[in-house]
Amino acid sequence: AWGAVRGALFPRGVPGIPARRDAVARRVGGREAVQRQGTRPERPARGARMPSGVAPGVRLLRDPATVRTRCHNILEAGSRDELEHFSVGLDALEDVADRVVEVTQSTYPQLDIPYHSRWNHFRAGGVDRVLDFDRLIRPLPKDEQGRARFDLIVTSVLLDAGAGPRWGFEEDGTRYTRSEGLAVASYHLFVGGALSSTASFTADRASLESFSPEKLAAGFQVSEDNPLVGMEGRVALMQGPGRALGSFPSSGAAGANRPGALFDARTTDHAATKRIPAKAVFDLVLERFADIWPNRIVMQSANLGDVWRHPKAGGEGATEGLVPFHKLSQWLTYSLLEPLERAGFEVFDLDALTGLAEYRNGGLFVDGGVLVPKHEGILGHAHAPGSEVVVEWRACTVALLDRVAQLVRKGLGVDER
């Protein structure tokens with residue numbers, strides 16, 4: 001399923017549709033207020049909650065509005081046939097939108113479409129593990145239930161890189177693979193207490209910092225015959241929040257020294273109104289976890305994370321030519337919305353975020369003939385994540401999600417609300 005179109009549409013979204021595992025995907029393993037290049041200077045959005053010590057260029061590149069602007073800059077270059085690797089065929093976009101409308105109406109006839117979030121992966125195979133988890137944490141106080149849901153989601157999302165074609169996780173005789181398998185495996189890892197040094201249904205600093213390849217292999221049923229791609233990277237990402245928790249502001253709350261501290265940070269800040277802008281959740285995720293990502297591009301001592309170079313990205317000064325995606329951080333944000341809503345908070349302005357720059361969304365536009373490879377090497381060779389091919393593909397995907405969203409809304413007879 002190419003799920004993240006959901007975030008671009010309402011963003012309660014649209015269901016995923018089966019997309020072929022095209023050659024690029026195998027190898028790489030909204031709103032309409034789009035700023036056109038040169039229309040006005042880029043600047044951080046109003047109300048940004050980044051710490052005062054964050055440099056302006058870093059703040060700009062952490063703003064989802066910049067994700068949208070720079071991706072549209074690259075798509076517009078494609079519309080002018082100025083890209084090296086993909087042609088853009090917007091005439092094919094209506095057929096893609098029609099397919100999305102068809103599948104949406106078939107799967108969700110009442111348009112009661114869930115968020116594109118990790119929670120739905122926990123229901124893989126028709127097993128409602130979300131309901132099971134609710135039953136497990138029901139005896140806990142309400143705030144502690146919220147922290148437990150944050151602990152589960154943060155750790156599960158961080159374990160969700162591509163699993164590889166040979167790995168699977170078996171539960172009660174059923175084998176789950178790819179993102180669904182990783183979700184089920186991470187659920188059992190968490191519920192079994194492997195991420196807590198004190199009590200079940202928590203993930204704490206001590207256990208995350210000491211997380212090891214052996215613990216991951218045992219929890220995910222990894223063996224020579226069941227290899228999991230990216231073991232070292234997953235372990236590093238799990239250890240990262242443990243180290244980051246040491247720098248979290250200390251409030252003395254019960255959620256200290258665990259990812260659940262984010263629950264307290266957001267609910268405390270907005271306790272009076274019970275309304276939280278989605279960007280405030282995203283800002284908090286980036287602020288607290290900025291240093292856990294692999295160091296690729298560093299600006300004024302700040303790790304930029306999921307930010308890459310492309311000659312058509314636009315911008316000026318130190319940020320010129322840089323295009324941010326923050327895919328995992330945005331997906332984590334979408335996944336944290338439901339626990340906040342269940343705690344009685346309204347999360348609004350979701351269309352400030354973007355659709356996700358990931359291979360299933362990108363595969364939709366390649367399969368649909370909207371993005372057409374210009375040379376054989378795109379489908380025939382492996383490409384690094386920072387290669388111009390992949391950055392170009394991801395950027396066009398984000399911008400095209402905005403475009404297809406307009407057509408899908410029209411087809412479904414709904415507006416952005």
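Helices here are DSSP runs of H or I with at least four residues, strands are runs of E with at least two, and both are numbered from the N terminus. By that count, Gly386 is in the loop between α17 (377-380) and α18. The model is predicted, so local features need pLDDT of at least 70 and side-chain atom pairs count only at pLDDT 80 or more, while totals for chains, interfaces and linings use all residues. Residues are numbered from 1 along each chain as its sequence is written, and side-chain values use heavy atoms, with hydrogens and water left out.

Start with the whole chain. The protein chain has 18 helices and 10 strands. Of its 417 residues, 57% are buried. Buried means under 20% relative accessible area, exposed means over 50%, and partly exposed lies in between (1.4 Å probe, protein chains only). The accessible surface of the chain is about 17,600 Å². Carbon and sulfur atoms account for 48% of that surface. These areas come from the Shrake-Rupley method with a 1.4 Å probe; for residues, only the protein chains shown count as cover.

Now return to Gly386. Its relative accessible area is 39%, which means that Gly386 is partly exposed. Asp306 is 80 residues away in sequence, yet the two C-alpha atoms are 9.5 Å apart. Neighbours within four places in sequence aside, Gly386 is in contact with Trp308 and Val391. Contact means heavy atoms within 4.5 Å.

The loop leads on to α18. Helix α18 (residues 388-412) pairs with helix α5 (residues 93-107): their axes come within 9 Å and cross at roughly 55 degrees. That angle makes α5 oblique to α18. The axes are lines fitted to C-alpha atoms, for helices over the stretch in contact, and angles run from 0 to 180 degrees between N-to-C directions. Angles under 35 degrees count as roughly parallel, over 145 as roughly antiparallel, 65 to 115 as roughly perpendicular, and the rest as oblique. The crossing of α5 and α18 is right-handed. A crossing is right-handed if the near helix is turned clockwise from the far one by less than a right angle, and left-handed if anticlockwise.

Which residues of α5 and α18 meet? From α5 come Leu93, Glu94, Val96, Ala97, Val100, Val101, Thr104 and Gln105. They meet Leu400, Arg403, Val404, Leu407, Val408, Gly411 and Leu412 in α18. By class, this contact has 10 nonpolar, 3 polar and 2 charged residues. Ala, Val, Leu, Ile, Met, Phe, Trp, Tyr, Cys and Pro count as nonpolar; Asp, Glu, Lys and Arg count as charged; the others, Gly among them, are polar.

A second pair is α7 (residues 129-137) and α8 (residues 142-158). Their axes come within 10 Å and cross at roughly 135 degrees. α7 and α8 are therefore oblique to each other. Their crossing is right-handed. Phe133, Asp134 and Ile137 in α7 meet Gln145, Ala148, Arg149 and Leu152 in α8. This contact has 4 nonpolar, 1 polar and 2 charged residues.

Helix α16 (residues 359-367) is mostly covered, with 7 of its 9 residues buried. Among them are Arg360, Asn361 and Phe365. Gly369 follows α16 and has a positive phi, near 80 degrees.

Most residues other than glycine have a negative phi. Gln221 is not a glycine, yet its phi is positive, about 55 degrees. Gln221 is in the loop between α11 (213-219) and α12 (231-245). Its relative accessibility is 32%, so Gln221 counts as partly exposed. Ser301, also not a glycine, has a positive phi of about 70 degrees. Ser301 is in the loop between β5 (298-299) and β6 (302-303). At 75% relative accessibility, Ser301 counts as exposed.
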